[in-house]
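Here is a short report on one structure. Look at the sequence and the model first, then read on.

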Amino acid sequence: MIYILFDQSEGEYSFISKFWGDEIKEIYSPKKNKKLFSWMAGAIKALLVSRRQDILICWFDFQAILCYWIGLFIFKPRRIVCVNVMLKDKKTLRNMVVGWLYKVALGSKRFRASVTSSEYGEWLKRRLGTNCHFYLVRDVYHSDYTVKMRIHKKHNLVFCGGSNGRDWNLLCKVAWMIPDVSFLFVIPGNLYENVKECVPDNVDVRYNISYDEFLQEISRSEIVALPLDTIAPAGLIVMFQAAANGCLVIMTDTVTTRGYINSNRGALLPNDPEVWVKCIRSMLENGTEREKKAKDLKLFLETECNEVYFVESIKQMLW
């Protein structure tokens, strides 16, 4: 039997069953006050309902690690498929311990894992000191990221939103350097406290908005800027949403983002404010090139990252 474990108690994952069929069973993690408790409860639930030769596909990578280690301690080892490792590169004691947990799990014959880009997989091997094989499974692009209503783009508007791995300080520096360009930051309230003192007047800041509003604000923008402070997967969902709504995407050049963006499908940049300013000015002034790059990225995602491709890629990881 094949089970797929989700780290949330609810969500829209119907496309998996749609393309996989009745041979896969879904398990949702119980909702707890602390996320870690929810992940652990979901892992234990999956281990208890499954049998030794069953396969557990884990949507969230750290929950796959929990399934592996808890399974060892309660004598219920399982064959585990970890979808898209997202181990960060922070040099902290916590990350060192987590890295060791990943390394041991990845060395097991009962554990298989994927990454969103081949280069990130090679970086992980060096980071962890392991020769394990990583499968390539790009994050899934959904057609419903596109805003249904017709929304006109606002001239000279640059959008940045999300929470995981954004380099807000860099984008603030960029905004200060081009006061004639309008920026919209959609940022979690707790993160705004860290940057509010350096936000210039040409930046409109919003937070705690609905999902539909978030998509609408993206669709109004000509450019979606995603400066990142990590080489681990970050900003990919916002990148998908931007492409779906005809926006040019510019991102920090990392081993992960190279799996999606190139010079024909957007722009990958070093985290140098002057380089970002030059790129933003150039793309705002050249509408034809901007629109072509946006269309090419959308075509790539529709072809290489669609729901069918995602499900078929995971199937190739099974025993």
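Start with helix 8. Its buried residues are covered by, among other things, strand 7 (157–161), strand 8 (182–186), strand 9 (203–206), strand 10 (223–226) and helix 9 (236–244). Helix 8 itself spans residues 211–220, and its buried residues are F214, L215, Q216, E217, I218 and S219. The model is a predicted one.

**Two helix pairs**

Helix 9 also packs against helix 11 (residues 287–304). Helix 6 (residues 168–177) and helix 10 (residues 273–285) form another pair, whose axes come within 9 Å. The table sets out both.

| Pair | Axis distance | Angle | Handedness |
|---|---|---|---|
| Helix 6 and helix 10 | within 9 Å | roughly 55 degrees | right-handed |
| Helix 9 and helix 11 | 8 Å | about 115 degrees | left-handed |

Take helix 6 and helix 10, which cross at roughly 55 degrees. Helix 6 is therefore oblique to helix 10. On the helix 6 side, the contact is made by L170, K173, V174 and M177. Helix 10 brings P273, E274, W276, V277 and I280. Sorted by class, this contact has seven nonpolar and two charged residues, with no polar ones.

Now helix 9 and helix 11. M239, F240, A243 and A244 of helix 9 meet L297, K298 and L301 of helix 11. Six residues in this contact are nonpolar, one is charged and none is polar.

**A buried valine**

V249 sits in strand 11 (residues 248–252). Is V249 buried or exposed? V249 has a relative accessible area of 1%, so it counts as buried. Beyond its neighbours within four places in sequence, V249 is in contact with V224, L226, M239, A242, I261, G266, A267 and L297. M239 and L297 are also among the residues where helix 9 meets helix 11. C132 lies elsewhere: V249 and C132 are 32 Å apart, C-alpha to C-alpha, and 117 residues apart in sequence.

**The largest nonpolar core**

Which residues touch the most other members of the largest nonpolar core? They are Y102 and F111, in a core of 37 residues. Several elements each supply at least two residues, including strand 1 (2–6), helix 2 (35–49), strand 3 (55–58), helix 4 (93–106) and strand 5 (111–115). Helix 3 gives the most, with eight residues. Leaving out residues up to four places away in sequence, Y102 touches D61, F62, I65, V85, L87 and L128. Nonpolar side chains tend to be buried together in soluble globular proteins.

Note on methods: Residues are numbered from 1 along each chain as its sequence is written. This is a predicted model: local features need pLDDT of at least 70, side-chain atom pairs count only at pLDDT 80 or more; totals for chains, interfaces and linings use all residues. Side-chain values use heavy atoms; hydrogens and water are left out. Axes are lines fitted to C-alpha atoms, for helices over the stretch in contact, and angles run from 0 to 180 degrees between N-to-C directions. Helices (H or I, at least four residues) and strands (E, at least two) are DSSP runs, numbered from the N terminus. Angles under 35 degrees count as roughly parallel, over 145 as roughly antiparallel, 65 to 115 as roughly perpendicular and the rest as oblique. A crossing is left-handed if the near helix is turned anticlockwise from the far one by less than a right angle, and right-handed if clockwise. Contact means heavy atoms within 4.5 Å. Ala, Val, Leu, Ile, Met, Phe, Trp, Tyr, Cys and Pro count as nonpolar, Asp, Glu, Lys and Arg as charged, and the others, Gly among them, as polar. Buried means under 20% relative accessible area, exposed over 50%, partly exposed in between (1.4 Å probe, protein chains only). A nonpolar core is a set of buried Ala, Val, Leu, Ile, Met, Phe, Trp, Tyr and Cys residues joined through side-chain atoms within 4.5 Å.
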